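Open the structure in your viewer and keep the selection panel handy.

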Amino acid sequence: MKKLLIFTAFLSFSLLSFSQNRTLPKVDLKTLDNNTFNTSDFDNDGKPIVISFWATWCKPCIKELNNIAEVYEDWQDETGVKVIAISIDDARNMSKVKPKVNALLWDYEVYCDPNGELKRAMGVGSVPHTFLLNENKEIVYQHTGYKDGDEFDLFKKIEALSK
């Protein structure tokens, strides 16, 4: 019985440690011009970074990123946050990403994960899936799905990191 309790305590501690402050995995992505870019080169001078996984066919993803785009300049002025949008469209649909981004006039850095390597490494099961990283590129918050107003909850988390 004692061994079972020790094992359970160790397992709980390990899972808790793993789920908090995970760092951003180092994975190669594609730019909109089909160049290779590694996630280790993501930088925002020690300020928060939001990573949003999306797809051209995902209406909630587009709605979330459009709603953030409306307030993005204010967010940047107040907190210095950078939003990075990662398309999970596969290699066949990757050509649709750049025209979509240009049509939506997003002012984000946008990358493609056509093989789903970053998606798997970060445990993304469905989109939209949004992560907030602190100054050490540690994941401090994440949420899946989108409903109107979620961007305000995200901004509260960003503000808390910026103080």
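Before we start, one convention for the helix stop later on: axes are lines fitted to C-alpha atoms, for helices over the stretch in contact, and angles run from 0 to 180 degrees between N-to-C directions. Keep in mind, too, that this is a predicted model.

**Whole chain.** Show everything as a cartoon. You will find five helices and eight strands, and from the N terminus on they follow the order α-β-β-β-β-α-β-α-β-α-β-β-α. Of the 163 residues, 42% count as buried. Among contacts with a separation of 6 or more, 71% join residues 24 or more positions apart.

**The core.** Next, select Ile51, Phe53, Trp54 and Ile86, the residues with the most contacts inside the largest nonpolar core, which has 42 residues. Now colour the elements that give two or more residues to this core, including strand 4 (49-54), helix 2 (59-79), strand 5 (82-87) and helix 5 (150-162). Helix 2 gives the most, with six residues.

**Two helices.** Keep helix 2 and helix 5 on screen. How do their axes cross? They come within 11 Å and cross at roughly 15°. Angles under 35 degrees count as roughly parallel, so helix 2 and helix 5 are roughly parallel to each other. Helix 2 passes helix 5 in a right-handed crossing.

For the contact itself, show side chains for Asn67, Ile68, Trp75, Glu78 and Thr79 on helix 2, and for Glu151, Leu154, Phe155, Ile158, Glu159 and Ser162 on helix 5. Colouring by residue class gives five nonpolar, three polar and three charged residues in this contact.

How values were computed
Residues are numbered from 1 along each chain as its sequence is written. This is a predicted model: local features need pLDDT of at least 70, side-chain atom pairs count only at pLDDT 80 or more; totals for chains, interfaces and linings use all residues. Side-chain values use heavy atoms; hydrogens and water are left out. A nonpolar core is a set of buried Ala, Val, Leu, Ile, Met, Phe, Trp, Tyr and Cys residues joined through side-chain atoms within 4.5 Å. Buried means under 20% relative accessible area, exposed over 50%, partly exposed in between (1.4 Å probe, protein chains only). Helices (H or I, at least four residues) and strands (E, at least two) are DSSP runs, numbered from the N terminus. Angles under 35 degrees count as roughly parallel, over 145 as roughly antiparallel, 65 to 115 as roughly perpendicular and the rest as oblique. A crossing is left-handed if the near helix is turned anticlockwise from the far one by less than a right angle, and right-handed if clockwise. Contact means heavy atoms within 4.5 Å. Ala, Val, Leu, Ile, Met, Phe, Trp, Tyr, Cys and Pro count as nonpolar, Asp, Glu, Lys and Arg as charged, and the others, Gly among them, as polar.
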